[in-house]
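Keep the structure open while you read.

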Amino acid sequence: MERRDFFKKAIVTAGAVATGTSTLEADETVHPIDNRKVSDIAFPEKRPLITYSDRPPLLETPREVFTSALTPNDLFFVRWHMPMIPNYINPNTFSISINGLVEKEIKVSLKELKTEFKQVELTAVLQCGGNSRTAFKPTAGGIQWGIGAMGCARWKGVRLKDVLKKAGLKKEAAWIGFNGEDKAVYNETANFVRELKLEHLNDNIILAYEMNGEDLPYLNGYPLRLIIPGNYSDSWIKMISNITATKEKQKLHFMEKAYRIPDNECECETPKNLVKKTKPIEEMNVNSIIGYPVTGTKVRNASPLVVRGVAFDGGHGIKKVQISIDGGKMWEDALLDDGSEGKYAYRAFTYTCKPKNSGKLTIMCKATNEKGEEQPFAKDIKWNHGGYKYNGIDEVTVEVV
């Protein structure tokens, strides 16, 4: 697949990326911003999305996409950390290096991955740990996402453990580090390197080269990316080109400083009293989103209204999704799909009601997983400085006419 001069095709378009911390003293959680305009300009291989930046590309999926178990490739959100991204990768010469504490350092080509290893496929949700960060007040540092920094796809590739087996891990190896092809502008800036503790390696962690039956889109990590189902996307390295086995955990900015939350029961803190002891964000919280209708939709009084959306968690499985149209006083079960995409995927849901009165109507959805964990109200989620792991009960407000 030729991807020559990929970014030369993109017209520069950007909205400023809001970062930093507010001077407000109070800490609270509200509903995420949900009215951002979709861009008039599409990036290559994408339909128009909500655009925060063109370098690095930061694109959010609109709410109305979240009505089915799979997210189309051209509507899938995009999150890069480093602005220097190769604008051409030749699949015929591309290879991934396996080095460090291995019996033999090797390079494996894309062709070898597709022909010399067992091929596997799984469906999993990819979600940024800062999804819905605009819900946190005062403003938490990072990209100010609405609800759409997530998607679900079928990923095809090979098991990471099979590739490591070919290199032969030495017995003292305890950590596996991953690096991709994106680079920082300045040498002083830390590369985006993430690590996985070897004891956490399992059959579901794969190196994927296909997404929903097609080559990975360039903006989603072509030609190869790491898939860690059930975990937030910070470790799903894109354009992965190097894997290093080590004995000790490395001193890395994106492990020691970034993508960490307070290590306490509520995973919370206050702006004036930041917690010193932290832990990495890993397993995703139970969550659900209404894809249809969206806020502002006009619906007919006394006519059937079908509410559609998706629910997911970190892999325990969704037990039920409930809908409320009276502010959360009464909840009724929605109808879930058959769950055939697996425990790491979206469960699509539908719920039919007949609005009885004209005027504004707020629809809320709440998911519960097989562990009994359920989404809290937005106001009950406690603040953290990174704006991570928001999973408040979702809501949209329509106009009944």
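How many salt bridges does the rule find across the interface of domain 1 and domain 2? The rule finds three across that interface. A salt bridge here is a side-chain nitrogen of Lys or Arg within 4 Å of a carboxyl oxygen of Asp or Glu.

This is a predicted model: local features need pLDDT of at least 70, side-chain atom pairs count only at pLDDT 80 or more, and totals for chains, interfaces and linings use all residues. Residues are numbered from 1 along each chain as its sequence is written, and side-chain values use heavy atoms, with hydrogens and water left out.

Start with the domains. The assignment gives domain 1 (1-283) and domain 2 (287-400); such bounds come from an automatic or database domain assignment. Taken over C-alpha atoms, the centres of domain 1 and domain 2 are separated by 26 Å. Domain 1 brings 52 residues to the contact and domain 2 brings 35 residues, where contact means heavy atoms within 4.5 Å. The size of an interface is often given as the accessible area lost when the parts come together. Between domain 1 and domain 2 the buried area is about 3700 Å², and carbon and sulfur atoms give 59% of it. Buried area is the accessible area (1.4 Å probe) that two parts lose on being put together, summed over both. On the domain 1 side, His 31, Arg 63 and Phe 136 lose the most area to domain 2, together 17% of what that side buries.

Now look inside. A nonpolar core is a set of buried Ala, Val, Leu, Ile, Met, Phe, Trp, Tyr and Cys residues joined through side-chain atoms within 4.5 Å. Buried means under 20% relative accessible area, exposed over 50%, and partly exposed in between (1.4 Å probe, protein chains only). The largest nonpolar core has 85 residues. Among those with the most contacts inside it are Trp 155, Phe 178 and Ile 240. A second, separate core has 20 residues, including Val 299, Leu 305 and Val 400.

Helices (H or I, at least four residues) and strands (E, at least two) are DSSP runs, numbered from the N terminus. In a regular strand the side chains alternate between the two faces of the sheet. In β10, Trp 175, Gly 177 and Asn 179 point one way, and Ile 176, Phe 178 and Gly 180 the other way. Two strands pair if DSSP finds at least two bridges between them. β10 pairs with strand β11 (residues 193-197) in the antiparallel sense over five bridges, and Gly 177 stands opposite Glu 195. β10 also pairs with strand β15 (residues 240-246), antiparallel, over six bridges. There Trp 175 stands opposite Thr 246.

Elsewhere, three strands form an open antiparallel sheet in the order β2-β3-β4. β2 (50-54) and β4 (78-79) stand at the edges with a single partner strand each, so one side of each is left without a neighbour in the sheet. Strand β3 (residues 57-60) and β4 pair over two bridges. Leu 59 has Val 78 in β4 as its bridge partner.

Which residue does Arg 63 meet in a salt bridge? The partner is Asp 394, at 2.7 Å, N to O. Arg 63 lies in the loop between β3 and β4 and Asp 394 in strand β26, so the pair ties together parts that are 331 residues apart in sequence. Arg 63 counts as buried, at 6% relative accessibility. Asp 394 counts as buried at 6% too. Asp 34, Arg 63 and Asp 394 are linked in a network of salt bridges. Another salt bridge joins Arg 154 and Glu 341, with the closest N and O atoms 2.5 Å apart. The structure holds 16 salt bridges.

End at Asn 384, in the loop between β25 (359-369) and β26 (394-400). Is Asn 384 buried or exposed? Its relative accessibility is 3%, so Asn 384 counts as buried. Asn 384 touches residues including Phe 136, Ile 261 and Glu 269.

Notes. Lists of a residue's contacts leave out its neighbours within four places in sequence.
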